[in-house]
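Visitor: Could you take me through one part of this structure in some detail? I would like to see what surrounds a residue and how its cover is judged.

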Amino acid sequence: MDRDEIRDVMTELIADVMPEIEDVAFNKNIVAEYGVNSVSIIKLIVAAEERFEISFSDYELALDGYRTFEDMVVLIQEKLEDKE
């Protein structure tokens with residue numbers, strides 16, 4: 001799965017988990033621009049784990065690991081490539 005496909009899926013997941021975010025820009029700071037907090041990032045990670053059939057480690061659950069949604073896309077792509 002390429003990054004564009006992952007972004008498309010993540011856009012859907014963000015809409016489900018964080019409906020208050022209307023226009024997702026993957027390169028914007030998720031805390032400053034969207035007010036994402038540690039609870040919402042964990043909900044998004046859980047949704048991504050289920051959808052992509054991957055697992056995040058405990059340290060990857062921390063909000064400070066993701067400055068942008070693109071950071072999460074990159075990590076998901078790496079995890080998907082490791083599965084192959």
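Guide: Let's start with a term: contact, or touching, means heavy atoms within 4.5 Å. This is a predicted model, where local features need pLDDT of at least 70, side-chain atom pairs count only at pLDDT 80 or more, and totals for chains, interfaces and linings use all residues. Residues are numbered from 1 along each chain as its sequence is written, and side-chain values use heavy atoms, with hydrogens and water left out.

Now to Glu70, which lies in helix α4; helices here are DSSP runs (H or I, at least four residues), numbered from the N terminus. Leaving aside residues up to four places away in sequence, Glu70 touches Arg3, Arg7 and Phe26. Glu70 counts as buried because its relative accessibility is 16%; buried means under 20% relative accessible area, exposed over 50%, and partly exposed in between (1.4 Å probe, protein chains only).

Next comes Asn29, in the loop between α1 (3–17) and α2 (30–34). Asn29 is partly exposed, since its relative accessible area is 28%.

Finally, look at Glu84, in the segment after α4 (69–83). With a relative accessible area of 75%, Glu84 is exposed.

Conventions: Helices (H or I, at least four residues) and strands (E, at least two) are DSSP runs, numbered from the N terminus.
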